[in-house]
Amino acid sequence: MIRMTEPSKITGVPDHQPAAGGIAARARASVGPKYLSGLNPEQREAVETLDGPVLVLAGAGTGKTRVLTTRIAHILSQGRARPAEILSVTFTNKAAREMKHRLGQMLGHAVEGMPWLGTFHSIGGRILRVHAELAQLKSNFTVLDVDDQVRLLKQLLQAENIDDKRWPARMLAGLIDGWKNRGLMPSQVPSGEAAMFANGKGGKLYASYQERLKILNAADFGDLLLENIRIFREHPDILRQYQQRFKFILVDEYQDTNVAQYLWLRLLSQAPSSTSPRVRGEVASRSDAGEGDSPSTALLETAPHPSPLPVKDGEREQKGPTKNICCVGDDDQSIYGWRGAEVDNILRFEHDFPGAKVIRLERNYRSTGHILAAASHLIAHNEGRLGKTLRTEDQDGEKVTVTGSWDSEEEARGIGEEIEQLQRQGEKLDEIAILVRASYQMREFEDRFVTLGLPYRVIGGPRFYERAEIRDALAYLRVINSPADDLAFERIVNTPKRGLGDATVQMLHDHARKRRIPLFEAARAVVETDELKPKARGSLRDLITQFDRWRAQREVTTHTDLAQIVLDESGYTEMWQKDRSADAAGRLENLKELVRSMEEFENLQGFLEHISLVMDRDGGAEDDAVSLMTLHSAKGLEFDNVFLPGWEEGLFPSQRTLDEQGRAGLEEERRLGHVGLTRARRRAKIYFATNRRIHGTWSTTIPSRFLDELPAANVEITESKGGSAWGGTGGYGASRFDDMEAFGSSYSTPGWQRAQANRNRGGQGGRGGFEEEAASFSSASSSPDFGSFSSRRRGPLTIEGELVAKSTGTTSEFSLEDRVFHQKFGYGRVTKIDGNKLTIAFDKAGEKKVVDSFVQRA
């Protein structure tokens with residue numbers, strides 16, 4: 001238990017402080033506490049500057065968490081405040097737990113009595129429960145999750161006779177959440193925004209929703225701060241209590257705060273005053289940094305020099321010091337504008353807190369010199385930033401590499417090859433990450449890793465084939481392929497909604513068990529009876545008819561076209577098109593990517609078998625695995641090796657972001673690139689593709705503008721290891737048929753000669769052009785196959801990175817029980833032979849099916 005020293009005064013400020021740089025100060029520093037050892041000068045300044053407003057601009061990898069935690073320890077050890085007098089706000093519960101743990105390590109004991117160290121919402125919820133009656137609630141109110149909010153809003157839409165298909169409840173929930181994140185009560189919603197929903201009824205529905213919450217004694221997450229703000233504004237005495245309670249305020253990740261969080265902090269960070277704040281009726285629009293009043297100024301105008309203590313009767317109001325608030329953040333890492341974060345909050349800090357001290361942490365302890373130089377040069381193109389330059393005392397290391405590939409498949413192959421090479425060099429897979437701009441990019445990499453046998457994990461979300469929309473689509477295809485697949489049929493029987501609830505499904509299960517038939521056949525039998533209500537019976541009959549029609553189409557339609565037909569005719573695509581939630585667009589993109597991925601397979605059966613192999617892999621059981629995630633999910637993480645694919649215009653920077661936010665969106669995309677680069681400790685590798693399939697159509701892409709914003713001195717252009725390279729013949733790289741060993745010809749056109757010259761310059765056989773044989777084209781004419789490939793013996797043919805069997809359809813040279821070796825799976829024993837396909841029981845990898853050309857005798 002930490003015993004705190006009682007401050008000498010109520011304000012906690014001693015009568016005398018040693019002069020900076022004086023004998024006393026230097027002597028005290030020499031016997032300073034151990035927790036200050038190891039801090040660099042900038043970090044130590046941030047820790048020891050306790051009085052007044054402080055902004056710590058902490059770049060990536062500069063030790064901001066250590067600074068924040070050490071600052072709390074310093075406040076406690078110096079006796080400037082008790083644990084309960086410190087408000088420390090983080091964005092995640094995990095960060096709060098880590099801070100408490102570190103404090104315990106620094107001070108030698110478990111830190112107790114810090115009730116105000118937590119997230120914005122946890123602290124806001126605690127304050128709201130104390131003053132629940134002022135928000136027309138009881139202290140035991142319920143906090144609704146998103147599903148409960150949507151259900152409640154659906155009830156309100158029905159009461160107003162609003163078509164919830166045209167105006168989905170989930171869309172209204174998103175609008176209300178956005179308004180609350182901006183600190184807007186129902187009466188403050190601009191009329192133009194209210195008109196966005198149900199022909200101008202958005203504001204009325206918001207007010208009805210809030211009234212209904214009070215009746216239910218409930219609040220949503222937005223209310224936990226919004227009601228705090230309202231109580232503080234309408235009850236200055238309560239606000240003054242908390243202002244007096246918190247002698248120090250510390251905020252982590254300040255650049256990610258939204259308007260409501262900003263207003264809540266601004267109110268609490270004002271020095272306490274006996275003068276009641278004047279409340280205005282409306283919230284003024286935010287102005288640019290440094291211009292006009294801040295949002296909190298529009299809501300609250302306090303005396304210019306408020307006093308720190310309540311004024312007793314007969315006493316004259318005293319002028320007090322500025323509140324001690326310390327915000328730690330990085331304007332170059334503000335990447336959550338899409339969910340309400342306002343980078344202006346950190347840019348306006350000096351305007352909001354006059355006389356604030358700004359301390360820049362620029363010494364990076366994570367990345368090498370070349371990586372930091374590239375990241376700093378890129379972010380320097382942003383105009384809306386306070387400015388800092390990351391530096392390191394470490395070596396320069398390897399340059400950032402930029403690699404072009406023909407298409408996204410080659411991009412995945414190339415990155416897969418590089419990862420395997422790093423693995424052979426002894427690199428751990430845990431220290432390798434692939435950071436993509438859009439989640440649908442992951443599918444190519446997941447498929448490639450399954451082919452290579454590389455373990456991987458998806459951070460921040462499910463793997464591609466585990467996503468709900470993908471599982472639903474696959475369930476439709478599984479039922480078409482196998483009507484007896486009960487699990488798949490049960491999953492989609494009422495998706496989208498068809499009025500077939502749990503009672504109907506239970507009836508089908510009972511019927512199937514009694515007759516010992518599949519669920520689908522039970523449904524076919526039940527619709528011929530009167531056991532179901534007419535509406536449910538009609539919906540089920542229509543669904544069975546659809547499946548019968550789709551199975552018939554399977555015989556005459558390609559499996560990719562069939563998948564598209566099923567998604568459209570079932571209403572599943574339309575369901576997500578009408579969904580106005582933030583992730584609906586991403587789900588539609590994933591469905592398009594699923595259909596595209598089917599093109600690589602001969603038929604539906606082959607595709608579903610491939611999916612079963614992918615899903616059979618134990619996700620997350622491996623201790624050592626490649627991390628796959630979006631750039632947004634990578635915030636706060638770091639790896640030795642980082643791959644950054646998809647740096648193309650339209651994808652990164654995102655065209656949607658540019659269209660919706662203009663220059664502000666472009667600057668946030670550039671900050672996202674900065675975050676991606678600074679996740680890397682030793683190697684950062686950027687990729688782009690010349691061709692990419694977007695919305696089901698192949699498009700030629702343009703390399704991202706961000707590539708030209710990287711410093712040439714710190715960047716190296718490399719060739720793709722995925723089969724063909726950018727910059728070959730004609731500027732489109734070497735031919736994908738380069739691995740064909742020979743083509744009997746003495747063709748001598750200029751184009752052929754250029755191909756030969758490029759191949760010779762490459763210095764590698766089988767690259768850059770066809771290999772010319774000594775035998776002429778005319779001599780080849782004696783062969784019955786005029787102009788055919790050279791008849792000399794050659795090895796297996798590699799096209800598009802896949803090994804084509806030497807003798808497809810013929811008998812394998814291997815026999816049962818033969819001992820064999822596979823490059824990926826190791827040693828094993830042949831247990832079954834089907835033509836040139838072998839089933840092998842591997843010692844470590846288990847039973848696998850492989851082509852015989854992939855193995856050799858042990």
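These legends accompany several close-up views of one predicted model.

Residues are numbered from 1 along each chain as its sequence is written, and side-chain values use heavy atoms, with hydrogens and water left out. Because the model is predicted, local features need pLDDT of at least 70 and side-chain atom pairs count only at pLDDT 80 or more, while totals for chains, interfaces and linings use all residues.

**View 1. Helix α7 and the helices that cover it.**
Let us start with helix α7, residues 169-181. Helices here are DSSP runs of H or I with at least four residues, strands are runs of E with at least two, and both are numbered from the N terminus. The 13 residues of α7 reach 18 Å from first C-alpha to last, close to the 18 Å expected at 1.5 Å a residue; the expected span is 1.5 Å times one less than the number of residues. Buried residues of α7 are A169, M171, L172, A173, L175, I176, W179, K180 and N181, where buried means under 20% relative accessible area, exposed means over 50%, and partly exposed lies in between (1.4 Å probe, protein chains only). Their cover includes α6 (146-159), α8, α9, α10 (221-234) and α12 (259-269). After the helix comes G183, with a positive phi near 75°.

Most residues other than glycine have a negative phi. Here, A198 has a positive phi near 50°, and N199 has a positive phi near 55°. A198 sits in the loop between α8 (191-194) and α9 (202-215), and N199 belongs to the loop between α8 and α9 too. N199, at 64%, counts as exposed.

A nonpolar core is a set of buried Ala, Val, Leu, Ile, Met, Phe, Trp, Tyr and Cys residues joined through side-chain atoms within 4.5 Å. The largest one has 48 residues, and L474, F489, L540, F547, L594 and F607 have the most contacts inside it. Helix α19 (residues 468-481) gives the most to this core, contributing 8 residues. Find L540 and look around: leaving aside neighbours within four places in sequence, L540 is in contact (heavy atoms within 4.5 Å) with F489, V493, L500, L508, A523, V527 and L532. A second, separate core has 42 residues, including I127, A260, W264 and I325.

S408 belongs to helix α17 (residues 408-424). S408 is buried because its relative accessible area is 4%. Apart from neighbours within four places in sequence, S408 is in contact with E444, R596, A689, N691 and R692.

**View 2. Two cis peptide bonds.**
Most peptide bonds are trans. A cis bond links T495 to P496, with omega about 0°, and P496 lies in the loop between α20 (486-492) and α21 (502-515). Another cis bond links F652 to P653, with omega about 10°. P653 lies in the loop between β15 (639-644) and α28 (655-677).

**View 3. An open sheet of 5 strands.**
The strand order is β24-β23-β22-β21-β25, with antiparallel pairing. At the edges are β24 (846-851) and β25 (855-857), each pairing on one side only. Strand β21 (residues 819-822) is joined to β25 by 3 bridges, and F821 stands opposite Q856 in β25.

Conventions:
Two strands pair if DSSP finds at least two bridges between them.
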